[in-house]
Amino acid sequence: MTRERKSNIVLLCGLCIVLLFFIIFAPSYGWKLRQFFSASNAISSDDQNIAAENDTLKAELAQVQTLQSELPTSTSGDIRAMVYSRYPFNFKNELTVNVGSDQGVATGSAVLFQGMLVGQVQSVWHDSALVQTIFDNDFKMPVRIGAKGYDGLLQGSLCPVIGSITKGSLVSPGDIVYAAGLGFPYGLPIGEVDATSTSADSLFEQASLRFPYDVNSIQTVVIQRQ
Amino acid sequence: MRPAIALLILILASGIQFWLAGGGIFFNLVLTALIVFAFFFDFWEMALFVLFGVLVVNWQPAMSMEIFLFAFIPLLIFALHGAFRSQRWVTVPIAITCGLFVFYIVIAPHFFLNDPVAFLEDLFGSLIAGELIFWVMYRITKR
């Protein structure tokens with residue numbers, strides 16, 4: 001082996017050690033590199049702000065009209081977080097945020113974007129946390145729809161769908177969908193009904209959703225304290 | 001010169017992969033680039049490229065099966081490529097196809113079975129990118 005080859009190998013070993021150090025002890029540098037590569041994800045436009053605010057108000061109205069007296073008291077205090085990185089493949093839909101147990105984040109906490117439920121904390125480290133979004137294929141939660149509070153089951157996917165809606169329910173496009181699952185504050189808005197249809201087995205109705213935001217453009221979230 | 005160009009290709013592949021992912025289009029370009037590099041570089045150069053790929057692709061401060069396979073598949077192909085060095089124009093696309101197939105089957109078999117079209121779309125984009133990367137590396141190596 002020539003001297004030049006030996007020195008090249010030593011250099012390569014050194015660089016590998018440096019990269020290993022960053023991977024294990026400072027992964028945030030890799031995330032910053034990815035953010036640099038990613039498309040510029042503008043904070044939502046005025047239209048998105050207004051639409052999200054509209055959905056939040058609709059959800060509050062649905063609560064007042066039907067079940068306000070049964071609402072549990074919510075805990076105070078939110079933790080604001082930046083989205084560090086996203087799951088890089090197309091099997092899941094997860095976000096990594098820059099707050100963790102040191103800031104009071106706990107597994108199972110609801111994660112909001114502009115007042116709307118966008119996911120749930122799945123794993124927590126000291127200064128970061130992993131959030132499973134409602135666009136993840138494994139995400140499921142009970143929801144209610146509209147002022148009459150029709151029950152349904154939100155199934156996560158790139159285009160989330162609400163299934164198991166009782167046939168004959170008067171669910172219409174534009175109806176607000178809000179959280180009704182264990183572990184989530186009741187009444188958190190999720191989205192609006194886009195269209196309704198009958199399930200493949202004709203036993204239930206189902207509804208597709210529309211959202212006033214693009215999950216790929218989310219840069220900041222709010223994590224509710226448990 | 002070759003490692004520098006390869007690193008540039010890796011950075012470009014990362015950029016394009018994450019830029020497309022922002023628009024909802026998923027191609028495993030970084031993994032594809034690493035698989036192609038397995039046919040052109042030595043072990044330590046491959047280790048460097050794989051570690052750089054892991055640094056950029058890893059989305060959480062912990063090990064996962066996805067990252068383990070992401071690093072393992074190119075290194076496995078590196079270990080096996082010696083038997084097919086003379087037929088790289090054929091074996092590189094086969095290696096990319098097998099690598100992606102194993103990646104999908106091990107990480108998300110339900111996803112693969114329920115939505116094979118997503119795998120085929122990923123494979124199509126990755127094969128095109130892989131052939132392009134191979135052509136560049138081949139031309140550089142020939143000089």
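1. In chain A, strands β4 (residues 116-124) and β5 (residues 129-133) run antiparallel and are joined by five bridges, where two strands count as paired if DSSP finds at least two bridges between them, and where strands are DSSP runs (E, at least two residues) numbered from the N terminus. A hairpin of four residues connects β4(A) to β5(A), and across this pairing A:S123 stands opposite A:L130. The model is a predicted one, in which local features need pLDDT of at least 70 and side-chain atom pairs count only at pLDDT 80 or more, while totals for chains, interfaces and linings use all residues. Residues are numbered from 1 along each chain as its sequence is written, chains are lettered from A and ligands numbered from 1 in the order in which they are written, and side-chain values use heavy atoms, with hydrogens and water left out.

2. Strand β5(A) is largely enclosed by the rest of the structure, because five of its five residues are buried, buried meaning under 20% relative accessible area with a 1.4 Å probe and protein chains only. Both of its faces are covered, with A:A129, A:V131 and A:T133 on one side and A:L130 and A:Q132 on the other. Strand β2 (residues 94-97) of chain A also pairs with β5(A) in the antiparallel sense, over four bridges, and A:V97 has A:A129 as its bridge partner there.

3. Strand β3 (residues 110-113) of chain A directs A:A110 and A:L112 one way and A:V111 and A:F113 the other, and all of these residues are buried. Four bridges join β3(A) to β4(A) in an antiparallel arrangement, in which A:A110 is partnered by A:Q120. The hairpin of these two strands has two residues between them, and A:Q114 takes a positive phi near 50°. Strand β3(A) is also joined, again antiparallel, to strand β12 (residues 220-224) of chain A by two bridges, with A:L112 opposite A:V222.

4. Chain A also holds a closed barrel of six strands, which runs β6-β7-β8-β11-β10-β9 with antiparallel pairing. The twist averages 40° from one strand to the next, on axes that are lines fitted to C-alpha atoms, with angles from 0 to 180 degrees between N-to-C directions. Within chain A, strands β9 (residues 176-179) and β10 (residues 189-198) run antiparallel and are joined by three bridges, and A:I176 stands opposite A:E192.

5. The count of disulfides over all chains is zero, a disulfide being a pair of cysteine sulfur atoms within 2.5 Å. The sulfur of A:C13 has its closest cysteine sulfur in A:C16, at 6.3 Å, and this is too far for a bond. A:C16 is itself buried, with a relative accessible area of 4%.

6. A search of the whole structure finds one cavity of 30 Å³ or more, a cavity being a set of points, on a 1 Å grid over the protein atoms alone, where a 1.4 Å probe fits but cannot get out. The largest cavity has a volume of about 30 Å³, the volume being the space filled by probe spheres set on the points. Its lining, made up of residues with an atom within 4 Å of a point, consists of A:P88, A:F89 and A:N90 from chain A and B:Q17, B:F26, B:F27, B:N28 and B:D122 from chain B. These lining residues divide into four nonpolar, three polar and one charged, with Phe and Pro counted as nonpolar and Asp as charged.

Methods. Buried means under 20% relative accessible area, exposed over 50%, partly exposed in between (1.4 Å probe, protein chains only). On a 1 Å grid over the protein atoms alone, a cavity is a set of points where a 1.4 Å probe fits but cannot get out, and a pocket is an open set with protein on both sides within 12 Å along at least five of seven lines; lining residues have an atom within 4 Å of a point.
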